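Work through the exercises below with the structure in view. Try each task before reading its solution.

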Amino acid sequence: MPPIWAESRQEVCESFDYFRSYQSGVYSLKDIVKGYLLGGSPASRDIFHCGGRLIVSHGGGKAESILDYRVGAARFQQAQDQEATDKSVRALLKSYTDKRPLVLLADDKYALFPYDLSASGCTYVVLGLYWISHAWAEYQPASNGCGRVVRWKFAFQWCEGQGNPWWISSESDDVDMLPDPIGGCRSAPRQDPSPPDAVVNMACNKCSQKSPVVYSQGWMCLNPSCTSFWSIGGRELEQLDYDASFLRPIKTVFTNLPELRPAKLIETMDSITTSYAFSKGWHCEKCGRLSSRFKWEHWECSYCQLIHKLPGRLRTAKEFWHQRPPAEFLHSQVGKQSGLRHHYHSLAFLPHIHATLAEIIACRPEPFELGDGGGFTNHLTFILPNERGRIHLLLGTPLANKQADEIFRQYQEQAEEGELLLRRYPLRLNCVSDRSNCIAVRGTFLTNYFSQNSGEPYQYVGGTGNTVPFDKAPSSVCGALALIKERSRLALQKDIPFNEVLSAAYMEKQKMSFHSDSERGLGPVVASLSLGSAAFMHFRARATSKEPKHSSSNVLTLILRHGDVLIMEGDGVQQHYEHTVIPMNFRIAATARCIGTA
Ligand SMILES: O=C(O)CCC(=O)C(=O)O
């Protein structure tokens with residue numbers, strides 16, 4: 001197998017720091033290209049030469065007429081000229097002038113790669129480190145109004161100093177190479193901006209700009225803003241071939257090249273195993289596969305099932321009590337919206353609740369007796385307009401949270417021991433972003449949180465095959481269900497026949513994107529218990545047939561803290577709104593529903 005490969009784009013982006021772009025073929029950070037993905041059919045004069053030591057590719061987007069497959073009506077986008085100032089072209093040009101190595105990757109649709117990657121199940125492979133020896137503009141035919149577009153070409157050269165390309169045998173290493181005229185190279189950026197040319201550069205007598213001799217048919221000006229661009233003796237040539245000197249790879253030895261194989265984590269900070277680094281994917285040293293972290297209790301290779309586990313410690317809710325929403329959140333959400341009809345007595349509640357739509361009525365918090373020695377807490381109610389329903393928030397308090405603390409402990413223990421199987425399941429639509437604005441990506445696409453379903457099957461996550469009936473569910477889930485039932489009964493003054501609990505666990509920076517709980521047959525009450533870190537819960541209006549694009553502004557934002565129980569009451573809450581939950585750090589939530597009761 002290749003030394004670094006993956007089945008899905010998500011695996012690459014979550015595990016490989018040199019390529020974290022879900023959409024573009026160029027991944028750059030602060031104008032520095034880290035990775036470049038070769039894929040699809042070649043444009044004319046794209047080459048994979050000398051066993052891949054010299055690769056010419058067109059890069060930078062915009063130059064093909066494409067169907068934009070965002071959910072909703074697909075839009076046709078006309079090809080446009082690439083400009084040197086376009087984000088990706090600019091970054092590639094900077095890598096060229098800095099002679100900065102970057103990583104080339106290829107997907108199984110890259111037609112010039114001499115091996116069939118899909119035959120071995122590899123959708124993406126990492127080729128290795130390359131540097132850009134030449135960058136120039138060309139005209140290419142395009143199906144737009146002008147019949148052609150300016151597109152930038154880049155010549156990538158293998159960085160010597162990293163061994164041979166993994167796909168060729170060492171005998172084929174014997175290629176005729178040009179020495180690098182600059183001498184030994186380094187992986188650090190170079191100050192001298194001129195390219196290391198054995199290829200001759202000539203200045204244009206119209207624009208004075210220098211262009212290399214790229215084609216055997218003769219020199220031409222390659223400055224797209226010059227009137228002489230792309231012509232020899234005033235004529236555009238139909239057939240162009242590369243000049244022989246241009247095709248000879250330049251032997252450039254780099255020192256201190258980085259190791260591309262992602263290192264696995266071998267120690268923890270304070271024995272915390274839910275920080276961002278633990279949510280990232282990993283590289284299997286046995287088979288080379290990049291895998292997302294899809295099991296809560298350890299990393300596992302999706303190809304050869306090799307496991308990597310680091311022991312962690314249980315966390316307590318106290319560790320998260322200090323969390324406060326950022327000040328700008330308070331101001332932008334509450335300050336900008338006028339006409340909020342709220343009935344607060346005291347600003348003391350503002351860190352907890354921000355209602356931002358005039359039509360939503362935020363009722364005065366009601367003191368609320370919890371019974372069982374839990375003392376009093378506050379019950380906040382938001383009445384949605386046009387009888388769409390109500391949203392209740394029963395706040396946790398240190399006295400009332402004894403049960404929640406214990407449930408939080410059990411959840412962590414049982415997830416760690418594999419008694420509670422928290423998994424990241426594939427989304428039904430393979431897309432990044434939320435469900436209403438989704439960009440298709442290749443391969444399986446997993447949720448950005450871990451979950452487990454107990455009780456009745458719930459379609460939303462992982463289909464119905466991953467459900468554990470209540471009589472086999474771990475005590476954490478049963479405890480959460482009992483607490484949710486009890487608080488809902490007190491708040492709504494009736495028993496709710498909850499028969500399903502979705503437990504969701506979030507490592508640092510994970511979240512649940514916008515969605516509504518609108519599965520067929522779902523009862524009108526959905527209630528959740530929050531554990532661990534605080535989280536923002538935003539509600540926004542759902543897209544309708546009249547208004548197919550959802551409104552981007554949130555109509556209500558709540559902050560859910562450890563021990564809080566949130567209740568969404570009424571079908572209208574799900575029909576007219578969707579919600580997202582963005583935890584500030586490690587968090588677990590149990591959400592109870594009534595499936596098949598409506
Ligand atoms: O509180 C949470 O973490 C998310 C609950 C939720 O939106 C759901 O399970 O659908």
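**Exercise 1.** Find what share of the contacts with a separation of 6 or more comes from residues 24 or more positions apart.

Solution. This is a predicted model. Residues 24 or more positions apart account for 67% of the contacts in the chain with a separation of 6 or more. Next, take the elements: the chain has 7 helices and 38 strands. Then take burial: 41% of the 598 residues count as buried.

**Exercise 2.** Describe how helix α5 packs against helix α6.

Solution. Start with what is needed. Two packed helices are described by the angle between their axes and the distance between the axes. Locate the pair: α5 spans residues 402-416 and α6 spans residues 475-492. Their angle is about 155 degrees, and their axes lie 8 Å apart. Angles over 145 degrees count as roughly antiparallel, so α5 is roughly antiparallel to α6. The crossing of α5 and α6 is left-handed.

Now list the contact. From α5 come Gln403, Ala404, Glu406, Ile407, Gln410, Tyr411 and Gln414. They meet Ser475, Ser476, Gly479, Ala480 and Leu483 in α6. By type, the residues of this contact divide into 5 nonpolar, 6 polar and 1 charged.

**Exercise 3.** Which residues surround the ligand, and which elements give two or more residues to the shell around the ligand?

Solution. Name the residues: Leu502, Ala504, Met512, Asp517, Ser528, His579, Val581, Ala589 and Thr591 surround the ligand. Strands β31 (500-506), β37 (577-583) and β38 (587-593) each give two or more residues to the shell. Finally, sort by type: the shell around the ligand has 5 nonpolar, 3 polar and 1 charged residues.

Definitions and conventions. Residues numbered from 1 in each chain as written. Predicted model: local features only at pLDDT ≥ 70, side-chain atom pairs only at ≥ 80, totals over all residues. Helix = DSSP H or I, 4+ residues; strand = E, 2+ residues; numbered from the N terminus. Buried ≥ 20, exposed ≤ 12 C-beta atoms within 10 Å, placed from the backbone. Contact = placed C-beta atoms within 7 Å. Axes fitted to C-alpha atoms, helices over the stretch in contact; angles between N-to-C directions. Parallel < 35°, antiparallel > 145°, perpendicular 65-115°, else oblique. Left-handed = near helix turned anticlockwise from the far one by under 90°. Nonpolar A, V, L, I, M, F, W, Y, C, P; charged D, E, K, R; others polar. Near = placed C-beta within 6 Å.
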